[in-house]
Amino acid sequence: MSNVQQAYELAKKQFADIGVDTEQALALLDKLPISMHCWQGDDVGGFEQGAGALSGGIQATGNYPGKARTAQELRADLDKAISLIPGKKRLNLHASYLEADHKVDRNEVKPEHFENWVAWAKINNMGLDFNPTYFSHPLSTEATLSHPNKEIRDFWIEHGKACRKISEYFGKELGTASVMNIWIPDGSKDLVVDKFAPRQRLVDALDAIIAEKIDPKYHLDAVESKLFGIGVESYTVGSNEFYTSYAVSRGTALCLDAGHFHPTEVISDKISAVMPFIQHLLLHVSRPVRWDSDHVVLLDDETQAIASEIIRNQLFDRVHIGLDFFDASINRIAAWVIGTRNMQKALLRALLEPTQELRDLENTRDFSGRLALLEEQKSLPWQAVWDMYCERHNVPVGRRWLDKVRNYEKAVLSQRS
């Protein structure tokens, strides 16, 4: 019996003593996919021919060597990251990650431009999620779906419609619904007199995009809010109130991004607030630092609180977990592995919680017992259960994965100029 197995058997007994079945927890963890984001691997650059610099408040800071320069390199890097992460995974793509032998404008993207991604997903037994790309384009410098110029609005409406067909294609080819998330950078750096008109235009544009009904077993629409960003410090058209109202009234999914709110605000508390009114919730798990800076996800209090809300309320089929960070100051594969494994660890810790006992204490107003149990369980050996999970999935236990990343960096990443 290995050291990992021995530690797990001891942990299994300790959790059984408080009424928690570790095998059941691991089986459920296997059913909770994390949607990894492709844009960590190339600093949100994408593969459009003739693409310019990032815009729309998007910034990836740092110049760590070895970023992916082609879709083939990005898929190879993803393969390495995936080999070091246990459990079920998906991949989240942006429209700007298309592959074509000629320039394709945003309103002309088609399923055929993502055939290689679908083939790759089939090999890896993964689902794909999708995002229209409403930034880093000559027609996005002032606004997109809320632009006062109808021709510009129509261009971006066409882009949204085209992306829905790509998302539907993913769902049909891979047998799992693709969640397509709409985020736009529209807003103003300084004071705005008429805040209503841009929002009305955005409502009309979104309605036009989602007018065609698509079977939800293939495709789900989601809308994502933001508090502010670079260049839109004073006014964001797609605010939280706007998109929450839109999702409720139109029946779309709502996306909550952990980095898109005030620094003192968290999304974990918002989950139970919106779920009575919407069917599907998309989470972009990130780590804000002072503002929407999209740092690598840590196993911190908020990540744990997000996971606990999902597990405690059994929202397994209604909440879709995605990651959204882009750190160019460290090894990009390491960033994927750290962030994804931390999200999985948070879910496992939530699954190992004696939730029913805690609820019973709460319902009988035994708040002393509730607090005591919440604190005592933090000392239980969940790490031994996690190590067992990694070993069963044939991925490195503990920090051993870092050696694999460093070897790949030496053999592959260091050869990229």
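Predicted model: local features only at pLDDT ≥ 70, side-chain atom pairs only at ≥ 80, totals over all residues.
**View 1. Helix H2 crosses helix H10.** Here you can follow H2 (residues 22-29) and H10 (residues 332-351), whose axes come within 9 Å and cross at roughly 140°. H2 and H10 are therefore oblique to each other, and H2 passes H10 in a right-handed crossing. On the H2 side, look for Ala 25, Leu 26, Leu 28 and Leu 29; their partners on H10 are Gln 344, Leu 347, Leu 348 and Leu 351. Sorted by class, the contact of H2 with H10 has 7 nonpolar residues, 1 polar residue and no charged ones.

**View 2. Helix H1 packs with helix H13.** H1 (residues 3-17) and H13 (residues 382-392) have axes 8 Å apart, at an angle of about 130°. By class, the contact of H1 with H13 is made up of 9 nonpolar, 1 polar and 3 charged residues.

**View 3. Two tryptophans pair within helix H4.** The model has 12 aromatic pairs, and one of them joins Trp 117 and Trp 120 edge-to-face, with 6.0 Å from centre to centre and 85° between the planes. Both residues lie in H4 (residues 115-123), 3 residues apart, which is about one turn of the helix. Are these side chains buried or exposed? Trp 117 counts as buried, at 0% relative accessibility, and Trp 120 is buried too, with a relative accessible area of 7%.

**View 4. Two phenylalanines link distant parts of the chain.** Phe 130 and Phe 170 form an edge-to-face aromatic pair, 5.4 Å centre to centre with 90° between the planes. Phe 130 belongs to strand E3 (residues 127-131) and Phe 170 to helix H5 (residues 150-174), so the pair links distant parts of the chain, 40 residues apart. Phe 130 is buried, with a relative accessible area of 0%, and Phe 170 is also buried, at 0%. Look around the pair as well: Phe 114, Phe 130, Tyr 169 and Phe 170 form one aromatic cluster.

Terms used:
Residues numbered from 1 in each chain as written. Heavy atoms only, no water. Axes fitted to C-alpha atoms, helices over the stretch in contact; angles between N-to-C directions. Helix = DSSP H or I, 4+ residues; strand = E, 2+ residues; numbered from the N terminus. Parallel < 35°, antiparallel > 145°, perpendicular 65-115°, else oblique. Left-handed = near helix turned anticlockwise from the far one by under 90°. Contact = heavy atoms within 4.5 Å. Nonpolar A, V, L, I, M, F, W, Y, C, P; charged D, E, K, R; others polar. Phe/Tyr/Trp six-rings, centres within 6.5 Å; stacked < 30°, edge-to-face > 60°. Buried < 20%, exposed > 50% of the residue type's maximum accessible area, 1.4 Å probe, protein only.
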